[in-house]
Amino acid sequence: MSQHLSSFLSGLSALEVTALVLLISVGGAFVMEMVVIRLLFRYTSRTETALDNIVVQELRWPIVVTVSLTGVFLFSRAPAVAEALVVEEGVLNDFFGLPSLSVGIVVWAWALNRLVNRLVDAVKDKGSRYDFAPVFSNVWTIVVSVGTVGALLYIWGIEITPLFAGAGIAGIAVGFAAKDTVANFFGGIALYFDDTYKIGDYVVLDSGEAGTVVKVGIRSTTLLTRDELLVTVPNSVLNAAKIINESAPNRRRRLKVPVGVAYGTDVDEFEELLTDIALDEPLVLDSPRPRPRFRRFGADALEYELVCWVNSPLKRGKATHNLNREIYKRLNDAGIGIPFPQRDVHVHSADAEATRQSPAAGLSNGGVRRPARTRDTADDVVADDVADADAATDSDGDDSAYDE
């Protein structure tokens, strides 16, 4: 084979051999684009899934570039071709050897990264088993970037062993400096394996924030609140927090509407009326069937709860509003009273003479108010009074105490 190629090339000039090599490389890329790629597009257009179409779209240009660069690289490595080319072998290797290989590596790394990211976007909403897809996409980007840099250093003959040692030391330093970021990354992985939530779930945090999960990233999770605000929560915080997922295990949620009616109301008629109101509301599910529940005898009313279900936690507010309005209207139409707390205030007029009397008139000490005494102080006063009384008794019997 080599002898036939050498004899064929010996009859051509260096410029002709160079043009032939380039023509074969470009021609191979053209055939790949116009024939192979188009056949693949025609085949994928007849399939039910769109994933194969994404694969062909993203790998189209890398394949074409690889075919053209591979032709140049392989022909430049053939001794018979290398000797017949217009450029020297050293220049050929510098411009068509390692550079073409490097371009191929970069093109494929870029294409594979885009391919995985597009596949993740296509499958992330197709079930709970793809919940970790956004985090995997971020990890994949990091792996491809590091792998591309390592491959380029290797093919260019740069020793990477010292880099590994330095990377270990740098990794320790970065680990301490970016401990929060690392904690968020592993927190996201832990949330995935715990199956805590997925995109589209409505969650409530123990800190009070509530919203729909719209993005799960490598560092944080983004919630969309009912006020159309985006709340970004670090994954490490979510991993340590108490999370109520109101969309799991299914999205339907129970609704409780408290209602009070007056004592003496026909409870059978009232319960039937509540059931009809719930069944007439479009947001309320027919199954499980709505049920009125008599909870307690209240201070002012018979306290009921209308228990029903809605198909999403986001519809509870609207359903409660509609039910309250309809209950109020129906009860008024049926003549059923809705009690409310009432208080009677009795005002008595005071005696005019009593109002003019001084507040100090009733005091035993003539109106002099004395400060309150503690128990110990009162005991001391009593003891002093007793001592004074004894002294007075002694002085009545003997005046010698005052002679001095």
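Q: What does Arg114 count as at 36% relative accessibility?

A: A residue is called buried under 20% relative accessible area, exposed over 50%, and partly exposed in between (1.4 Å probe, protein chains only). At 36%, Arg114 counts as partly exposed. This is a predicted model, in which local features need pLDDT of at least 70, side-chain atom pairs count only at pLDDT 80 or more, and totals for chains, interfaces and linings use all residues. Residues are numbered from 1 along each chain as its sequence is written, and side-chain values use heavy atoms, with hydrogens and water left out.

Q: With which residue does Arg114 form a salt bridge?

A: A salt bridge is a side-chain nitrogen of Lys or Arg within 4 Å of a carboxyl oxygen of Asp or Glu. Arg114 meets Glu58 in this way, with the closest N and O atoms 3.0 Å apart. Helices (H or I, at least four residues) and strands (E, at least two) are DSSP runs, numbered from the N terminus. Because Glu58 belongs to helix 3 (residues 51–77) and Arg114 to helix 6 (residues 98–123), the pair ties together parts that are 56 residues apart in sequence. Glu58 is buried, at a relative accessible area of 6%.

Q: Which residues are linked with Glu58 in a network of salt bridges?

A: Arg114 and Arg118 are the residues linked with Glu58 in the network. Between Arg118 and Glu58, the closest N and O atoms are 2.8 Å apart. This pair also links distant parts of the chain, since Arg118 is in helix 6 and Glu58 in helix 3, 60 residues apart. Arg118 is partly exposed at 29% relative accessibility. The structure holds eight salt bridges.

Q: Which strand holds Glu305, and which holds Arg295?

A: The two residues form a salt bridge, their closest N and O atoms being 3.0 Å apart. Glu305 lies in strand 8 and Arg295 in strand 7, so the pair ties together parts that are ten residues apart in sequence. Arg295 is partly exposed, with a relative accessible area of 40%.

Q: How many bridges join strand 6 to strand 8?

A: Two strands pair if DSSP finds at least two bridges between them. Strand 6 (residues 253–261) and strand 8 run antiparallel and are joined by nine bridges. Strand 7 (residues 291–297) also pairs with strand 8 in the antiparallel sense, over six bridges. The two form a hairpin with four residues between them. Glu305 of strand 8 is the bridge partner of Pro258, and Arg293 likewise stands opposite Glu305. Strand 8 (residues 302–310) is mostly covered, as seven of its nine residues are buried.

Q: Where is Glu228 found?

A: Glu228 is found in the loop between strand 3 and strand 4. These strands, residues 220–224 and 230–234, pair in the antiparallel sense over five bridges, and Leu224 has Leu230 of strand 4 as its bridge partner. Five residues stand between the strands of this hairpin. Phi of Glu228 is near 60°, a positive value in a residue other than glycine. At 61% relative accessibility, Glu228 counts as exposed.

Q: Which residue does a cis peptide bond join to Ala248?

A: Omega identifies the case here: the bond joins Ala248 and Pro249 with omega about 0°. Pro249 sits in the loop between strand 5 (243–245) and strand 6. The peptide bond from Ser287 to Pro288 is also cis, with omega near 0°; Pro288 is in the loop between helix 11 and strand 7.

Q: Which residues gather in a patch of negative charge on the surface?

A: Patches are made of residues with over 30% relative accessible area and no salt bridge; like charges are joined within 9 Å, and nonpolar side chains (Val, Leu, Ile, Met, Phe, Trp, Tyr) within 5 Å. Lys and Arg count as positive and Asp and Glu as negative, while His and the chain ends are not counted. Each charge is placed at NZ of Lys, CZ of Arg, CG of Asp or CD of Glu. The negative patch gathers Asp266, Asp268, Glu269, Glu272 and Asp276. Of these, Glu269 is placed in helix 11 (residues 267–280) and is partly exposed at 41%.

Q: Which residues form a nonpolar patch on the surface?

A: Accessible areas come from the Shrake-Rupley method with a 1.4 Å probe, and for residues only the protein chains shown count as cover. Phe30, Val31, Met34, Val35, Val36, Leu39 and Leu40 form the nonpolar patch, with about 580 Å² of accessible area together. Leu39 lies in helix 2 (residues 14–44).
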